[in-house]
Amino acid sequence: MEDKEKRIVMPDYSEGFQCIAGKCRHSCCIGWEIDIDEDTYEKYRTVPGPVGEKLRSCIIMPSDPQESLPHFILEENERCPFLNSENLCELILDLGEESLCEICTEHPRFYKNCSDHIEMGYGLCCEEASRLLLSHSEPVRLIGLPGKCGLREEIFSLLQNRTKSLSARIVDICRLLSISSDNTVFSQMPSDIADLGAFFGRLERLDPAWDVEINRVKAASLTREDLLAFDGYMEKEGRAFEYENLLWYLIYRHLTDDPLKDEAALCVEFSVLSVKLLHYLGACKFKEKGAFLKEEQVELSRMFSSEIEYSDENVDLICDHIFDLQESN
């Protein structure tokens, strides 16, 4: 079956996704190298007038075309040369959205090619994608998924069983996958907080703001009572589902639709460890200020995704860390 014939499956919360452009506090047109696919590059070579002249002057060719693509020469503060003072794209304003290169058109979407369908979602490195996920209070559903009941669907079913606490649901998933539940999130046993902060502090980091958050965890003095108070606050605010959704997103993004049991176990442990970090970060902010705003959760999730999910090196190091924890237990 050709990819173009396959149905697209996507989470229901993402149906309303729309780039917020100039309102975005963390533009994807800043700080990222922007590769230009071959078809778009050929199109840019023939654009007439001042826009065409600027295009051709702002593109750098790779030294080895076999290994990399042409890309835009970033300006001061690593801004795309076509990002204007209002953080709007000059190419869209002058030539329309169809003029964008593939990476600009697709970001922050991700795709997974499955046997009879293609799964799509929106990476949390985009603050609007993070905001949509964290505002969706109902259990997430996949739109257009062919009827099936495999291992991943069993995991999702256990995860979204809201008659139990999230910790109890994670224990159920661990039993399903025959893995230890000793390191489950929200266990109210904060003895590993400093160690977790120290580990994440050794990973590759891009944004100094993430350093601040990781150092907060490393220096945290959270008690069991602090974590219980934070969980009570999230329940009272009607926001306890946020951690369920974050786990759902990480498993959906990083696990195939028909995984082997070992693959599922590693993905669940990666996801739990990641959400445990986010939970501790939220608890730290709550202890400091007596509140933890939705937008703070959005920003923590966005930073985590940018720093971890979009770094193959960091993902590999976390997986190695999980194997080390397994051997020590």
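Biologist: What makes a group of residues a patch in this predicted model?

Modeller: Patches are made of residues with over 30% relative accessible area and no salt bridge, and like charges are joined within 9 Å. Glu204, Asp312, Glu313, Asp316, Asp320, Asp324 and Glu327 form one such surface patch, a negative one.

Biologist: Why is the patch called negative?

Modeller: Asp and Glu count as negative, and the patch is formed by Glu204, Asp312, Glu313, Asp316, Asp320, Asp324 and Glu327.

Biologist: Why is Asp312 called exposed?

Modeller: Exposed means over 50% relative accessible area. Asp312 has a relative accessibility of 62%, and therefore counts as exposed. Asp312 is placed in helix H14, which comprises residues 312–328.

Biologist: Why does Asn77 count as exposed, whereas Glu78 is called partly exposed?

Modeller: The partly exposed class lies between the buried limit, under 20%, and the exposed limit, over 50%. Asn77 stands at 60% and so counts as exposed. Glu78 has a relative accessible area of 46%, and is therefore partly exposed.

Biologist: Which kind of peptide bond joins His107 and Pro108?

Modeller: The bond is cis, with omega about 5 degrees. Pro108 belongs to the loop between helix H4 (102–106) and strand S4 (109–113).

Conventions: Residues are numbered from 1 along each chain as its sequence is written. This is a predicted model: local features need pLDDT of at least 70, side-chain atom pairs count only at pLDDT 80 or more; totals for chains, interfaces and linings use all residues. Side-chain values use heavy atoms; hydrogens and water are left out. Helices (H or I, at least four residues) and strands (E, at least two) are DSSP runs, numbered from the N terminus. Buried means under 20% relative accessible area, exposed over 50%, partly exposed in between (1.4 Å probe, protein chains only). Patches are made of residues with over 30% relative accessible area and no salt bridge: like charges are joined within 9 Å, nonpolar side chains (Val, Leu, Ile, Met, Phe, Trp, Tyr) within 5 Å. Accessible areas come from the Shrake-Rupley method with a 1.4 Å probe; for residues, only the protein chains shown count as cover. A salt bridge is a side-chain nitrogen of Lys or Arg within 4 Å of a carboxyl oxygen of Asp or Glu. The place of a charge is taken as NZ of Lys, CZ of Arg, CG of Asp or CD of Glu.
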